[in-house]
Amino acid sequence: MSSDVRFTDFKSDKQPTWCPGCGDFGTMNGMMKALANTGNDPDNTFVVAGIGCSGKIGTYMHSYALHGVHGRALPVGTGVKLANPDLEVMVAGGDGDGYSIGAGHFIHAVRRNVDMTYCVMDNRIYGLTKGQASPTSREDFETSTTPEGPKQPPVNPLALALSAGGSFIAQSFSTDAQRHAEIVQKAIEHDGFGFVNVFSPCVTFNDVDTYDYFRDSIVDLDDEDHDPTDRDAAKDKILDADKEYQGILYQDEESVPYSDLHGLDSNMADIPDGAPEGAMDLVREFY
Amino acid sequence: MPDDLNWAIGGEAGDGIDSTGKIFAQALSRAGRHVFTSKDFASRIRGGYTAYKIRSSTDRVESVVDRLDILVALTERTIDENLDELHDGSVIIYDGERTEMEDIEIPGDMTGLSVPLQRLAEEAGGAIMQNIVALGAACEVTNFPIENLDSALEKKFGNKGESIVSNNKDAARKGQEFVAEEFDHEFDYDLDTTDNDYVLLNGDEAIGMGAIAAGCRFYAGYPITPATDVMEYLTGRIEQFGGEVVQAEDELSAINMALGAARAGARSMTATSGPGIDLMTETFGLVATSETPLVIADVMRSGPSTGMPTKQEQGDLNMTLYGGHGEIPRFVVAPTNVGECFQKTVEAFNLAEKYQTPVFLLADLSMAVTEQTFDPEVFDMDAVEIDRGKVVDDDEVEAWTDERDRFQPHFSTADGISPRALPGTENAAHMSTGLEHNALGRRTEDTDVRIEQVDKRNRKVETAQNEEDWSPREFGNPESDNLVISWGSNEGAMREALDYLDEEDIDVRFLSVPYIFPRPDLSDDIEAADEVIVVECNESGQFADILEHDALTRVKRVNKYNGIRFKADELAEEIEAKLQSEEVEA
């Protein structure tokens, strides 16, 4: 790690193909700033993403990265981090990727509490397939596949994370650049699974959850004297369906990440040239 | 009676059948006898018939046969289930004092030994030891030195305290003494011991051991019969070498975690069985296109769908060979016996890293759950070689960068193998993707680059075909006009079938093929033979289809798909019949 890393060092020379004005630009910039601010550099950073607009992030960032299959980014990140604890692992996903096809992985990644950061670019719609309902779409949100709305309530990702034993649960708004970067930075610094749901508006297909909507409705938890270590207070905020919060909803300051719990501190890539010392004991066991 | 003993204990699942059988198998192994075990088990936790069978000889044993000499029957059904294999000289040990067993009729001229297993166990300290009483009785019937059983009991119960061990030894002696005193009978069985040292383990354990030996440090899996033993073996052991086993939430997660660990540079694997392989299929292509080294073990069971989870089949060959959309360069390696499970697992890791591909390790239930004795040298740790392939370090990175100093992880080389920079390597940060990509790993739909990358990936297979030894193992008479070919665990039964065939003056050349893809070119061997028979545990003859395709000729097939492995004597009969039949001519 070098101290003179700037956030632009995490930028690749590839121009994003996101729509002009897409919330994902801000989300990504904040992630890059947070990585630089925490003293990481591209050679010790691993970014994992799945499929969809969010999945393109690895292309636009400069770091070690894997662009995987739909919904499975968290397991990949888990494997990367456990195999090499020296790497800073950042997982990006979308609301479809993370809360629909990858919902099972999300819950288990939360409870596994591996020390990595998960940013979900939540635009409440499927963008890349051109405008279908997502798990976070409003119940009456009309789309090509749900002409009368999904007719089912949206997933509350923060509530899922809290109920699964999440140790760091936050929400940010991609356009509020400084605040968003600060929240992601805290997620990186957290010892355990840092989860940030990022409002990242889709300017092309979602005319309800727009920049204006979020600007008007968002409430910053810092202005509410919210104590993020108070799980009950976090629960009340998370279950308050009338408000869109920004900030750290919950942080368990006693959190012990998976690797510490399991005594994993070595880089598993380092192996001897032959069978490891003591391997004959494995054979003797069967005498 | 020959020195070849077939022994079994049967009862209800939950009766401790498995652990009792294993104790006796270990006692025989410790006495320098060869052992080959098999299990009849159902997919339930308690109740239902289950049996643990042991074939043992001072000579090597490679399979099960249709004969049962000594049966410990904890239930009446156990006798019914094994009637076909019992013979006039068989000895049946049962507890005639139990109400449900008191009216048992011992069939034919068999010898029934009513031993009060439960009462004697209680006298020794607890009814739970009734199976051990039966083992003591079996020692007496076979003239087998009970000290060997003592040592197996010490191994099994040593960590539970001295009194447990001595109670069990006592229980065994009560069974032994009861038979000696109550039955004035010269039994036909007389088990020799030798000074040989053997190890006794099953295929799943051998795969796990091979993985640790090969430097595998990360395993992610989801429990599934019959692959779970791999995970259970690694749990508690891999940690001693700095590794970790993660029980994932499902198979999709398992293979993706393993993929993540592999991208971080660890030797990494997952193991599953048919239904799990189906779920993992989505990720096969990602592993191949991102050129990630990964070992994926499929311990086959009866399919399709949930099929018969506790029964044998070799039905996933096509799945591992062709599974996944698009075209995926891969290796499919199928060990043919328990010892080879170890060696081929080590080899699988080397192939995976050398060629940066998925390697399927195709095992089957019969091999996975069979405990077999081996000379310890079969698991020679000194012979383990590690080939990590083209991993580049900080200094070598520059040679693989483009004009803008960007590392090219998918650079198209002559052998198809690209440089690999593990995360943390300086100035080599790069992205990998399941999208078609250029040398930098970036998405492309450029037609020329597409062709270049597809060809490059496939070239790895060509390189491997030329550089590695894919030879089959050969048995029988090399000059014979009768050629039998099999893959997977059929090797053992077929090797013994050669002896049965020899007695009928039928000579056979037998090739056991551990490599499905790439595989040896057997067209000349097939061409040179008058009769070619392919033996496999599936209905359609998946491997036979492949060989027909390779050699452009028809072959005869011996297929078994009732859920039970081939038995040596039965297989010999089938081969003989097939050689005489007129069907399928080229």
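**Reading a pocket and an interface**

User: How much space lies in the largest pocket?

Analyst: Rolling a probe the size of a water molecule over the atoms shows where empty space is left. In this predicted model, the largest pocket holds about 1300 Å³ of space.

User: Which residues lie nearest the centre of the largest pocket?

Analyst: They are B:D18, B:K22, B:K39, B:D229 and B:E232, out of 41 residues in the lining. By class, the lining comprises 15 charged, 14 nonpolar and 12 polar residues.

User: Which element gives the largest share of the lining of the largest pocket?

Analyst: That element is α1(B), with six residues. Elements of chain B that each supply at least two lining residues include α1 (17-30), β2 (34-40) and α8 (228-234).

User: How many residues does each chain bring to the contact between chain A and chain B?

Analyst: Chain A brings 52 residues and chain B brings 69 residues. The area buried between the two chains is about 4800 Å², and carbon and sulfur atoms give 63% of that area. On the side of chain A, the residues that lose the most area are A:Y64, A:F286 and A:Y287, which together make up 17% of what that side buries.

User: How many salt bridges and polar contacts does the rule find across the interface?

Analyst: There are six salt bridges between chain A and chain B. One salt bridge joins the side chains of B:R237 and A:E285, at 2.3 Å from N to O. For polar contact, the rule finds 25 residue pairs across the interface. Within the side of chain A that touches chain B, α3(A) supplies the largest share, seven residues. By class, that side has 26 nonpolar, 18 polar and eight charged residues.

Technical notes. Residues numbered from 1 in each chain as written. Chains lettered and ligands numbered in written order. Predicted model: local features only at pLDDT ≥ 70, side-chain atom pairs only at ≥ 80, totals over all residues. Heavy atoms only, no water. 1 Å grid on protein atoms, 1.4 Å probe; cavity = no way out; pocket = protein on both sides within 12 Å on 5 of 7 lines; lining within 4 Å. Points joined across faces, edges and corners; volume = space filled by probe spheres on them. Helix = DSSP H or I, 4+ residues; strand = E, 2+ residues; numbered from the N terminus. Nonpolar A, V, L, I, M, F, W, Y, C, P; charged D, E, K, R; others polar. Contact = heavy atoms within 4.5 Å. Buried area = accessible area lost by both parts, 1.4 Å probe. Salt bridge = Lys/Arg side-chain N within 4 Å of Asp/Glu carboxyl O. Polar contact = N/O pair within 3.5 Å; in protein donor to acceptor, adjacent residues only side chain to side chain.
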